[in-house]
Amino acid sequence: MALKSAMAASGAILVLYLIAHMYGNLKVFSGQAAFDGYAHSLREIGYPLLPESGFLWIFRIVLLASILIHIYAAVTLWARARRARPADQRYQVKKRVVRSYSSYTMRWGGVLIALFVIFHILHLTVNVIAPGGRSDSPYERLVNGFQPEFWYVTLFYVLAVIALGFHLRHGVWSGLATLGVNQARRQPVLNSIATGIALIVTVGFLIPPVAVTFGLVS
């Protein structure tokens, strides 16, 4: 139960971060000055009580800890379930479908998301990978990186975000179940909440790169 609670709590932190990050990404439609100004303002949160970028580093540490806890809990729970399952156990078709859905959206989807996060940080955060050219402007890095000639970057981004959406859909549902609110009479509402959060985050993250690729943002 402790691992499930840790997974749910760390997952909640990550969901809140994704919503905030999505909001920031959508500022690309306000133009370069607004987008770069927003990125710069994040470095000044808490200043002068904290040094410049101090809040960001605290937040990054919390975020990294949440990711590591989430991964550790997921892998440990999966390993325990695998050991507890008899080798000759036969599942009904419905159970096989549910297990398959969970496996692909949470396990393999999680692997794809982890690889994407590494690429995303190297591309848009630390400016190491720079399709379209390096820039000190976050706006220019985003716009340069999703130009039509770099369609494979956009495709990778789209696939990773879709995987994130499925991961969120199942994760939010599982988190609510862990918290004990997933009762039969509430399932339609909780299903709508999980689906709604997943759709909002997925669409919100997909709009900026797709808009750049199709020339709506330049």
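Does Phe59 count as buried, partly exposed or exposed, and at what relative accessibility? Phe59 counts as partly exposed, because its relative accessibility is 31%; here buried means under 20% relative accessible area, exposed over 50% and partly exposed in between, with a 1.4 Å probe and protein chains only.

1. Basis of the notes. This is a predicted model, in which local features need pLDDT of at least 70 and side-chain atom pairs count only at pLDDT 80 or more, whereas totals for chains, interfaces and linings use all residues. Residues are numbered from 1 along each chain as its sequence is written, and side-chain values use heavy atoms, with hydrogens and water left out.

2. Overall composition. The protein chain has seven helices and zero strands, where helices (H or I, at least four residues) and strands (E, at least two) are DSSP runs numbered from the N terminus. Buried residues make up 34% of the 218 residues in the protein chain. Among contacts with a separation of 6 or more, 68% are between residues 24 or more positions apart, a contact being heavy atoms within 4.5 Å.

3. The pair Tyr17 and Phe59. A search of the whole structure finds 10 aromatic pairs; rings of Phe, Tyr and Trp (its six-membered ring) pair if their centres lie within 6.5 Å, and planes under 30 degrees apart count as stacked, over 60 as edge-to-face and the rest as tilted. One of them joins Tyr17 and Phe59 in a tilted arrangement, at 5.7 Å centre to centre and with 40° between the planes. Because Tyr17 lies in helix H1 and Phe59 in helix H3, the pair ties together parts that are 42 residues apart in sequence. Tyr17, at 27% relative accessibility, counts as partly exposed.

4. The pair Phe116 and Phe156. These two residues form an edge-to-face aromatic pair, with 5.8 Å centre to centre and 75° between the planes. Phe116 lies in helix H4 and Phe156 in helix H6, so this pair ties together parts that are 40 residues apart in sequence. Phe116 counts as buried at 11% relative accessibility, whereas Phe156 is partly exposed, with a relative accessible area of 26%. Both residues belong to one aromatic cluster formed by Phe116, Phe119, Phe146, Phe156 and Tyr157.

5. The largest nonpolar core. A nonpolar core is a set of buried Ala, Val, Leu, Ile, Met, Phe, Trp, Tyr and Cys residues joined through side-chain atoms within 4.5 Å. The largest one holds 28 residues, of which Leu142, Phe146, Leu168, Phe205 and Val217 touch the most other members. Two or more residues each come from helix H1 (2-25), helix H4 (93-125), helix H5 (138-145), helix H6 (151-178) and H7, and the largest share, seven residues, comes from H6. Not counting residues up to four places away in sequence, Leu168 touches Val15, Leu18, Ala198 and Val201.

6. Ser10 lies in helix H1 and Ser66 in helix H3 (residues 54-84); Ser10 counts as buried at 3% relative accessibility, and Ser66 counts as buried at 4%. Leaving aside neighbours within four places in sequence, Ser10 is in contact with Ser66, Ile69 and His70, while Ser66 touches Ser10, Ile13 and Leu14. A polar atom of the Ser10 side chain lies 2.8 Å from the backbone oxygen of Ala6, and a polar atom of the Ser66 side chain lies 2.9 Å from the backbone oxygen of Val62. The C-alpha atoms of Ser10 and Gly175, which are 165 residues apart along the chain, are separated by 9.9 Å.

7. Helix H7 and its proline. The 27 residues of H7 (residues 187-213) should span 39 Å at 1.5 Å a residue, which agrees with the 39 Å between its end C-alpha atoms; the expected span is 1.5 Å times one less than the number of residues. A kink of about 30° lies at Ile207, shortly before Pro208, the bend being the angle between axes fitted to the seven residues ending there and the seven starting there. Pro208 counts as buried at 2% relative accessibility and, leaving aside its neighbours within four places in sequence, is in contact with Asn25, Leu26, Val28 and Phe29. Just after H7, Gly215 takes a positive phi of about 80°.

How values were computed: Polar contact = N/O pair within 3.5 Å; in protein donor to acceptor, adjacent residues only side chain to side chain.
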